[in-house]
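Hi,

Here's the structure I promised to pass on to you.

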Amino acid sequence: MTIKTLGFIGIGKMGSRMVPHIAATGIPIHVFDLNEDASKALARSHNNIVVENSAAAVAKAVDAVITMLPAGPDVNFCALGENGLVDGFSEGNMLIDMSSSQPWMTVELAGALAAKGIDMIDAPVSGGARGAEAGTLTLMIGGKDEHVERCRAVLEPMAAHIFRTGDVGSGHALKTLNNLLSGLNTVAAAEALMIGTRFGLDPEVMCNVINESTGMNSSTKRNMKEQVISRKFGGGFAWDLKFKDYKIAMELARVTETPVPFSSLGFQLYEAANTWIGDTSGKQSIEWVRWYEHFVGSEIRKPANDS
Ligand code: NAD
């Protein structure tokens, strides 16, 4: 059964950049966010976007709903809480959770929805706000083949790469492990650049060389130059979301009884930074490096005579 009308809940940094790609296909999209201004801004620039005032109202109007919310508990509340999706869904409707949610919650939620005749897949994304804006996200999709195939036409406009990962929840498991690696990449890159900077190397030159060498990682390629050496400490990924992803990965290690000494040490470093940051609202994920610089007592900067 083709999806003829779509719901999209969570018009934040990612959602606001993802919806326009689907809207460009012409499909009617009913949107909802606790921040109504975000939904209204999207509707102003697309005549096939309708603003709703609850998840239930979205569910009533559409065949399938995409959620792009902070984490699993928000998706659960949106689906099963007051004025939630289940109050509006009919049998055969579909939930596509694209948030980076806790995989075990996804499995449970899919079970609860299946009992009401509602299908669910998880399709978390990698590529950040930049990939969302460009429509070049990487999607990792868990769920039954027939459910995934039904959703392809609304997912493809946002993506450059679509991978099937297995049953429902498997996309979320893979996503959290990707983010565990990206967190550790930042730690490894910052330490190497710190040693080099203290020796007198230019960290930008270091990144240029490393990015053509075997030490390259996602952090030397992107955020070290763009956010640290530039001293901008910005980026589109909130500290709280990054820390949440790391916690999910550590919980996954615990429930799978997997010894992860290196990741555990990395997590301790993120916990230390989280305490040091204090009020994390408005802080970006790259803030970890600022804590590390404080801890070490120097900054990863270009040499003073080389601006
Ligand atoms: P965001 O905080 O910018 O957006 C989340 C939106 O959800 C907000 O607009 C908020 O008002 C809304 N919201 C929260 N609870 C709600 C509810 N119950 N009902 C309706 N709206 C609700 O977050 P984001 O950066 O867009 O990230 C969204 C998800 O994507 C997260 O799981 C994140 O980990 C993941 N992700 C983010 C990035 C990134 O670079 N920002 C990259 C990949 C994956």
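Let's start at the ligand: one of its oxygen atoms sits 2.8 Å from a polar backbone atom of M14. Keep in mind that this is a predicted model. In S100, a backbone N or O atom is 2.9 Å from an oxygen atom of the ligand, and for L69 the distance from a backbone N or O atom to a ligand oxygen is 3.0 Å. How much of the ligand does the protein bury? On its own the ligand would expose 830 Å², and 86% of that is buried by the protein.

Now zoom out to everything around the ligand. There are 22 residues there, and K13, M14, D33, P70 and S100 come nearest. Sorted by class, the shell is made up of 12 nonpolar, six polar and four charged residues. Where do they come from? Domain 1 (6–166) and domain 2 (174–296) each give at least three residues to the shell. As for helices, α6 (128–134) and α11 (239–255) each contribute at least two.

Next, take a look at helix α7, which spans residues 145–155. Which of its residues are buried? They are H147, V148, R150, C151, V154 and L155. These lie on the same side of α7, because they cover an arc of only 160 degrees around the axis. Turn to the face pointing away from that buried side and you'll find the exposed residues D145, E146 and A153.

L155 is worth a click while you're on α7. Its relative accessibility is 0%, so L155 counts as buried.

Last stop: the loop between α10 (218–229) and α11, where you'll find R231. Most residues other than glycine have a negative phi. R231 isn't a glycine, yet its phi is positive, near 65 degrees. F233 is in the loop between α10 and α11 too, and this non-glycine residue also has a positive phi, of about 45 degrees. Are these two buried or partly exposed? R231 has a relative accessible area of 21%, so it is partly exposed. F233 comes in at 7%, so F233 is buried. The cut-off that separates them is 20%, since buried means under that value.

Terms used:
Residues are numbered from 1 along each chain as its sequence is written. This is a predicted model: local features need pLDDT of at least 70, side-chain atom pairs count only at pLDDT 80 or more; totals for chains, interfaces and linings use all residues. Side-chain values use heavy atoms; hydrogens and water are left out. A residue is near a molecule or strand if one of its heavy atoms lies within 4 Å of it. A polar contact is a pair of N or O atoms within 3.5 Å; within protein, one must be able to donate a hydrogen and the other to accept it, and residues adjacent in sequence count only if both atoms are side-chain atoms. Accessible areas come from the Shrake-Rupley method with a 1.4 Å probe; for residues, only the protein chains shown count as cover. Helices (H or I, at least four residues) and strands (E, at least two) are DSSP runs, numbered from the N terminus. Ala, Val, Leu, Ile, Met, Phe, Trp, Tyr, Cys and Pro count as nonpolar, Asp, Glu, Lys and Arg as charged, and the others, Gly among them, as polar. Domain bounds come from an automatic or database domain assignment. Buried means under 20% relative accessible area, exposed over 50%, partly exposed in between (1.4 Å probe, protein chains only). The arc is that of the directions from the helix axis to the C-beta atoms.
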